[in-house]
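I opened the notebook on one chain today.

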Amino acid sequence: MVYDFVIIGGGIAGLSVGSRLCNFGSVCVLESEDVIGYHASGRSAAMFLENYGNDIVVELNKASAQYHKAGGYLSDRGLMSLARAQDKEVFLNELDDLALTQISIEEASKLLPIINKKTVKYASFLKEAPEIDTDKVLQDFAKNIRRNQGVINTKAKAKKISKTSKSWQVSTELGIYEGTVLINAAGSWVDEIAAMAEVVPLNFTPMRRSIARVPAPDSDTGKFPMTHGAGDRWYAKPDAGAWLISPCEEELMFPHDAYADDIILAEGIDRYVEMMNHKITKMHTNWAGLRTFSPDRALVIGFDNSVENFFWFAGQGGYGFQTAPAASLLASELILNKSISFSKDLVKGLSPSRFY
């Protein structure tokens, strides 16, 4: 069978665009792992922050908000930023960047009683910072693909990609899949997939971010906000009765199944403990994800200029779930040559041609 669309990558990128396209043609999603959403998509911070990212990313965030709200994917959480005396400048800059409102330490302590008032000198808060049910988002996209006779194949790692005059052929461990349009949504592996297809890579950078899951503070943490140390020194948030702490590192990596660095985790936890009355004596587990960025840290959405019917849907970075509704809509409109719902500047700012 020749599919209309073959998508390499079964994370939030591949499944969201597949869900958009399955109403207009046959879709086949190829995922190398045993399950969908295994890599970065399964290791998300799961927050919807409209002002998180550069201007282009923020525009996609805002365009995605109604989809997330209407779908029931959002729940109240809130975002708090805390700073030491020496962090004042970066703290004040973040007020504007993230649309935070400065509050007193006393007000902050009511929202987060574990704050160490001896070290924390500045605080800010954003109530409109909900949590995303990332699993529901992912599974709903997958269900829609299957509902429309689309195929999602796991354990289907691309081994070879070739192009005929009419289609693309992707050789995998399960067999050969053929499609008219090849969509590269392979996360950290997008440049490798491009090279395999004899398309010039765009120099994406996979950056590791580690997370530790530890016992929660001795408080009712269910309504605690996600909290970060100004300047991205760490972040923490509740997680099903436990507590997540990340050192917020960006460590350049090669594409692989990422794992946390114990030393980096320890340093991040130390920075967190400095500002919190929360003694951490053990760790339940830890993991890491690769947040993959383009050179200008905006997504890449569009057909390659030099190779016919090769479509880039890549560089989600830390914004994959936030931007998925709008980004996938734009991708589908470009692929189907439909009327575009977004500004020309946005389309240009996301196009792979900006790197040529």
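**Entry 1**

I began with glutamate 106 and lysine 117, whose side chains meet in a salt bridge at 3.2 Å, N to O. The rule I used: a side-chain nitrogen of Lys or Arg within 4 Å of a carboxyl oxygen of Asp or Glu. Glutamate 106 lies in helix α4 (residues 105–111) and lysine 117 in the loop between α4 and β6 (122–126), so the pair ties together parts eleven residues apart in sequence. Helices (H or I, at least four residues) and strands (E, at least two) are DSSP runs, numbered from the N terminus.

I noted the source before going on. This is a predicted model, where local features need pLDDT of at least 70 and side-chain atom pairs count only at pLDDT 80 or more, while totals for chains, interfaces and linings use all residues. Residues are numbered from 1 along each chain as its sequence is written, and side-chain values use heavy atoms, with hydrogens and water left out.

Next I looked up accessibility. I took buried as under 20% relative accessible area, exposed as over 50%, and partly exposed as in between (1.4 Å probe, protein chains only). Glutamate 106 is partly exposed at 48%. Lysine 117 is partly exposed too, at 41%.

**Entry 2: the other bridges**

How many salt bridges does the rule give? I get 14.

I picked out glutamate 131 and arginine 77, with their closest N and O atoms 3.2 Å apart. Glutamate 131 sits in strand β7 (residues 131–132), and arginine 77 in the loop between β3 (74–75) and β4 (79–83), so this bridge ties together parts 54 residues apart in sequence.

Then I checked arginine 233, which forms a salt bridge with glutamate 274 at 3.7 Å between the closest N and O atoms. The pair links distant parts of the chain, 41 residues apart: arginine 233 is in the loop between β13 (226–229) and β14 (234–239), and glutamate 274 is in helix α7 (residues 262–275). Arginine 233 is buried at 15%. Glutamate 274 is partly exposed at 31%. I also find both in a network of salt bridges that links Arg84, Asp87, Arg233 and Glu274.

**Entry 3: cysteines**

I searched the whole structure for disulfides (cysteine sulfur atoms within 2.5 Å). The search finds zero. Cysteine 22 is buried, at 6% relative accessible area. Cysteine 248 is buried too, at 9%.

**Entry 4: α1 against α5**

Helix α1 (residues 12–21) packs on helix α5 (residues 134–147) at about 40 degrees, with the axes 8 Å apart. That makes α1 oblique to α5. Axes are lines fitted to C-alpha atoms, for helices over the stretch in contact, and angles run from 0 to 180 degrees between N-to-C directions. Under 35 degrees counts as roughly parallel, over 145 as roughly antiparallel, 65 to 115 as roughly perpendicular, and the rest as oblique.

Which residues meet? By contact (heavy atoms within 4.5 Å), Ile12, Leu15, Ser16, Gly18 and Ser19 of α1 meet Val137, Leu138, Phe141, Ala142, Asn144 and Ile145 of α5.

Last, I looked at burial in α1. Nine of its ten residues are buried, so α1 is largely enclosed by the rest of the structure. Among the buried ones are Ala13, Val17 and Leu21.
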